[in-house]
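I opened this notebook to record, point by point, what I looked up in one structure.

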Amino acid sequence: MRYVSTRGQAPILNFSNTLLAGLAQDGGLYIPETWPQISADDLRKMRGLSYPELAAKIVHLFTGNEIPEAVLLDLCQKSYAGFNHKAIVPLIQLDHNLFVQELFHGPTLAFKDMAMQLLGHLFDYVLSQRGEKITIVGATSGDTGSAAIEAFKGSSNLTVTILHPYGRTSEVQRRQMTTVLEPNINNIAVEGSFDDCQDLVKAMFADAPFRDAVQLSAVNSINWGRIAAQVPYYIYAALLLGAPDREVSFTVPTGNFGNILAAWTARKIGVPINLLCVGSNHNDILTRFLLNNDMSIQGVRPSLSPSMDIQISSNFERLLFELLDRDADQCRQTMQDFRQNKKMDIPANIWNKATENFKGMALSDQETEKVIQQYYKESAYLADPHTAIGIATAQKYRNKDIPMVTVATAHPAKFPDAIKQATGITPALPLTLSDLYDRKESYQVLPANLKKIEDSVRATIRKNNF
Ligand SMILES: *Cc1c(COP(=O)(O)O)cnc(C)c1O
């Protein structure tokens, strides 16, 4: 399997190199050179597979024979063994033809575990095969950092340093990171804001001698490996609801456009998917684009659904590349102009193509609380604020003949205040996390100083004898 950059000026890579590279050298995003295809017959044969079995078959389409399917099966089984639900991605019915698929039964209670757990095993496999060691660094305001730490803890091929803003994450979020005590994990609380943390990560990548000496790498949401690992659950739900002999629609509460791009990928490779709907909070750049062709950058305001508080949806570039019939020059130009003008100029015919595929809707915090309350009352379902936005969007666009599935991206116990406000009850943490507040924490507090952070990264590497 070969991967090309959406901006056309980076080397073509195989799957493993795409995985380790993350972003392409020309600033673009990697995407398969040609789309693999699954036939209706192949899909019918996949009915009845367990989630790890299905995931191995689907991810294999994106790795090709670089990673044997039997190896992938083993990695998928390990990745999902620690989930808190035996079905891994259970499908729950809320109303006639309205379902949620819960993607939050992993160790950090959010859907990022679905991809990150598998990414951890894939990195380990590829690095062991090559006999290489790398250093992963990242900045987090909460969810991504803990998902990465849970996925990479205990690896003997890499260390992970995660920066979070000191005193500015919730206690649950901090403890999910800092109570992981494996020696390859390094948590730093930076005396500064989330932006300071991000700037420090960028500065480490810009420091070429440091970057090369420690073999710096990142696992952010533009990594194709993460998208590939998110395709299987859409196919799993579609098969349960009658695919390939019946269409299904999906609604995804969206931030960086990664999760919904995986749904679109499922359609691209042959799964009959009708609508793809985007749910936003008041940081609604995607919905403004879909409703009015207005892709302009505005300031981010905090919301009840913090994982969707974004200014730009970086994965949109992959869809744009396809909508432009893979014209990399035009894609590069559009993205450069977007950076400069803070507004993306999309020709009407391209916008029309996008709106055939995608629908969008934005909800205020107040509307989100109402939806949480409504579904708790009417269907005894407790949705977290992200999921509630998805459910409201699904309700708007559903068609009575086609099942609509909303993906539930976070466990309600991750957002106890919003749930309490809407329903009066406090959701309980799952058993595996019930002692979170009693666990020992380990992290250092450091000033926002590049040299001090780099020293800490090096110290972690030495501690692991790399
Ligand atoms: C990351 C996240 C999202 C947004 O996912 P994207 O792939 O960025 O669209 C939605 N909900 C939750 C709970 C998340 O953690």
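**Entry 1: the model.** I note at the outset that this is a predicted model.

**Entry 2: the ligand shell.** I asked which residues come nearest to the ligand. Of the 15 residues around the ligand, I found these to be K112, G255, N256, N259 and T409. I then sorted the shell by class and recorded eight polar, five nonpolar and two charged residues.

Entry 3: I looked up the distances to oxygen atoms of the ligand. For K112, a polar side-chain atom lies 2.6 Å from such an oxygen. For D143, an N or O atom of the side chain is 3.4 Å from an oxygen atom of the ligand. For G258, I noted a polar atom of the backbone rather than of the side chain, at 3.3 Å from a ligand oxygen.

**Entry 4: cover of the ligand.** I asked how much of the ligand's accessible area the protein covers. On its own the ligand has 390 Å² of accessible area, and the protein covers 96% of this.

**Entry 5: the second largest pocket.** I recorded a volume of about 300 Å³ for this pocket. Its lining consists of 17 residues, and those closest to the pocket centre are G82, P107, T108, E150 and K153. Two helices, α4 (69-81) and α7 (171-178), each supply at least two residues of this lining. By class, I listed eight polar, five charged and four nonpolar residues in the lining.

**Entry 6: aromatic pairs.** I found that the structure holds 14 aromatic pairs. One of them joins F62 and W224, with 5.7 Å from centre to centre and 65° between the planes. F62 belongs to helix α3 (residues 51-63) and W224 to helix α10 (residues 224-240). The two residues are 162 residues apart, and I noted that the pair links distant parts of the chain.

Entry 7: I located P244 in the loop between α10 and β10 (248-253).

**Entry 8: the backbone at Q215.** I noted a positive phi of about 55° at Q215, although this residue is not a glycine. Q215 lies in the loop that runs between α9 (208-214) and β9 (216-217).

Terms used
Residues are numbered from 1 along each chain as its sequence is written. This is a predicted model: local features need pLDDT of at least 70, side-chain atom pairs count only at pLDDT 80 or more; totals for chains, interfaces and linings use all residues. Side-chain values use heavy atoms; hydrogens and water are left out. A residue is near a molecule or strand if one of its heavy atoms lies within 4 Å of it. A polar contact is a pair of N or O atoms within 3.5 Å; within protein, one must be able to donate a hydrogen and the other to accept it, and residues adjacent in sequence count only if both atoms are side-chain atoms. Accessible areas come from the Shrake-Rupley method with a 1.4 Å probe; for residues, only the protein chains shown count as cover. Ala, Val, Leu, Ile, Met, Phe, Trp, Tyr, Cys and Pro count as nonpolar, Asp, Glu, Lys and Arg as charged, and the others, Gly among them, as polar. On a 1 Å grid over the protein atoms alone, a cavity is a set of points where a 1.4 Å probe fits but cannot get out, and a pocket is an open set with protein on both sides within 12 Å along at least five of seven lines; lining residues have an atom within 4 Å of a point. Grid points are joined across faces, edges and corners, and a volume is the space filled by probe spheres set on the points. Helices (H or I, at least four residues) and strands (E, at least two) are DSSP runs, numbered from the N terminus. Rings of Phe, Tyr and Trp (its six-membered ring) pair if their centres lie within 6.5 Å; planes under 30 degrees apart count as stacked, over 60 as edge-to-face and the rest as tilted.
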